[in-house]
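Colleague: I'd like to learn how to read a model like this one. Can we go through a few features together?
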Amino acid sequence: MTHDVGRHDIVVLGGGYTGMTAALTTARRTRRHGGRVVLVNPSPRFVERLRMHQLAAGQRLNEYDIPTILAGSGVDFVCGAATSIDAEERRVSVDTAGSTRSLRYDTLVYAIGSRTETLAVPGAGQHAYTFSTADEAARFAAEITALPHGA
């Protein structure tokens, strides 16, 4: 990402609710002033984490494609994972399927979300289920479905 003098470059890390809202709102507000917004997320799929319980219960959820959501918004999308932040140089390194891309920023929005920690509590890793991802919720649904009726 090259930097044009007079343009304010904004990089948003994380494509969940917070990151998507930040990117879309910022693009709308800075468009007239020469802002450029780039959203970085490891997956092109928008995951509604607050609906993971529905997936775990066996319901099918709508799938949303981040590039489709961002189409026409003025937000550029980079599918990749941020691997380092150089605050002094104001650069983020992003791993994009085997190659590394450097993104310059004037403003960095860090909205990568959270993960559930199961290693800190003895036994939680073996006996607790987390719904941080669609795969985790689907795995739980499959295990529940495999239980004998009435168990």
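This is a predicted model: local features need pLDDT of at least 70, side-chain atom pairs count only at pLDDT 80 or more; totals for chains, interfaces and linings use all residues.

Colleague: Okay, so is Arg 104 buried or exposed?

Modeller: Arg 104 has a relative accessibility of 16%, so it counts as buried. Asp 9 comes out at 0%, so it is buried too.

Colleague: And what do the side chains of Asp 9 and Arg 104 do?

Modeller: They meet in a salt bridge, with 3.8 Å from N to O. Asp 9 sits in strand β1 and Arg 104 in strand β8, so this pair ties together parts that are 95 residues apart in sequence.

Colleague: How many salt bridges does the count come to?

Modeller: It comes to 5. Another one joins the side chains of Glu 63 and Arg 45, at 3.7 Å from N to O. Glu 63 is in the loop between α2 and β4, while Arg 45 is in strand β3, so the pair ties together parts 18 residues apart in sequence. Glu 63 has 57% relative accessibility, so it counts as exposed, whereas Arg 45 is partly exposed at 25%.

Colleague: Now strands. What's the general idea?

Modeller: In a regular strand, side chains alternate between the two faces of the sheet. For a case here, take β6 (residues 81-86) and β7 (residues 91-96): they run antiparallel and are joined by 5 bridges. Asp 86 stands opposite Arg 91 in β7.

Colleague: What do β6 and β7 form?

Modeller: A hairpin, with 4 residues between the strands. Look at Arg 90 in the turn: its phi is positive, about 60 degrees.

Colleague: Last one: how do I read empty space?

Modeller: Rolling a probe the size of a water molecule over the atoms shows where empty space is left. Here the largest pocket has a volume of about 770 Å³. It is lined by 29 residues, and those closest to its centre are Gly 15, Asn 41, Pro 42, Ile 112 and Arg 115.

Colleague: Which element gives the largest share of that lining?

Modeller: β6, with 5 residues. By type, the lining of the largest pocket splits into 12 nonpolar, 14 polar and 3 charged residues.

Notes: Residues are numbered from 1 along each chain as its sequence is written. Side-chain values use heavy atoms; hydrogens and water are left out. Two strands pair if DSSP finds at least two bridges between them. Helices (H or I, at least four residues) and strands (E, at least two) are DSSP runs, numbered from the N terminus. A salt bridge is a side-chain nitrogen of Lys or Arg within 4 Å of a carboxyl oxygen of Asp or Glu. Buried means under 20% relative accessible area, exposed over 50%, partly exposed in between (1.4 Å probe, protein chains only). On a 1 Å grid over the protein atoms alone, a cavity is a set of points where a 1.4 Å probe fits but cannot get out, and a pocket is an open set with protein on both sides within 12 Å along at least five of seven lines; lining residues have an atom within 4 Å of a point. Grid points are joined across faces, edges and corners, and a volume is the space filled by probe spheres set on the points. Ala, Val, Leu, Ile, Met, Phe, Trp, Tyr, Cys and Pro count as nonpolar, Asp, Glu, Lys and Arg as charged, and the others, Gly among them, as polar.
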